[in-house]
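Thanks, everyone. I have one model to go through, and I will keep to one part of it.

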Amino acid sequence: MSLADSADWDFGTGDFTIETQFRANTLQNTQNETALASQVQSYSPHNYWVWFIRSNNIEFVVYSNNSIILQLVATATFNTGTWYHVALVRSGNTWTMYKDGVSIGTITSSITMPDYSLL
């Protein structure tokens, strides 16, 4: 599913939560991850953020001008055919990832979340 670009995606330095429920038919444990959400301006240079899963982890990464400015990787097992609830929460400078209501990873960063225009 795609959504139109909107000022709603301009998180800046404010608190926000992105959450979803998903049930995967297939899961990868390689570079062929499954995206949960993303916002892309360009792939060259890398200007995008993406939240994705693999069979053994979940990751949120923000790129700006080919540099990773934030990366939160949490170890978590996901199985096909099972429903999961996942959330990414920013509260102040604390970024936390949740799986089924349980914190699975935290990082501290004061970045301004980029608001990229869609390709």
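This is a predicted model: local features need pLDDT of at least 70, side-chain atom pairs count only at pLDDT 80 or more; totals for chains, interfaces and linings use all residues.

A35 touches V50, W51 and F52, leaving aside residues up to four places away in sequence. A35 lies in strand β2. Between A35 and V50 there are 15 residues in sequence, and the C-alpha to C-alpha distance is 6.9 Å. On V50 itself, the bridge partner in β4 is V61.

Now the sheet. Which strands form it, and in what order? Four strands make an open sheet, running β2-β3-β4-β5, and the pairing is antiparallel. The edges are β2, residues 34-43, and β5, residues 67-75; each has a single partner strand, so one side of each has no neighbour in the sheet. From one strand to the next, the twist averages 5°. Between β3 and β4, which covers residues 57-64, the antiparallel pairing runs over six bridges.

Next, N47. This residue sits in strand β3, residues 46-53. Is N47 buried or exposed? The relative accessible area of N47 is 8%, and the cut-off for buried is under 20%, so N47 counts as buried. What does N47 touch? Not counting residues up to four places away in sequence, the list is Q39, V40, Q41, S42, Y63, S64, N65 and Y116. One of these, N65, also has its backbone nitrogen 2.7 Å from a polar atom of the N47 side chain.

That is the part I wanted to show.

Note on methods. Residues are numbered from 1 along each chain as its sequence is written. Side-chain values use heavy atoms; hydrogens and water are left out. Helices (H or I, at least four residues) and strands (E, at least two) are DSSP runs, numbered from the N terminus. Buried means under 20% relative accessible area, exposed over 50%, partly exposed in between (1.4 Å probe, protein chains only). A polar contact is a pair of N or O atoms within 3.5 Å; within protein, one must be able to donate a hydrogen and the other to accept it, and residues adjacent in sequence count only if both atoms are side-chain atoms. Contact means heavy atoms within 4.5 Å. Two strands pair if DSSP finds at least two bridges between them. Axes are lines fitted to C-alpha atoms, for helices over the stretch in contact, and angles run from 0 to 180 degrees between N-to-C directions.
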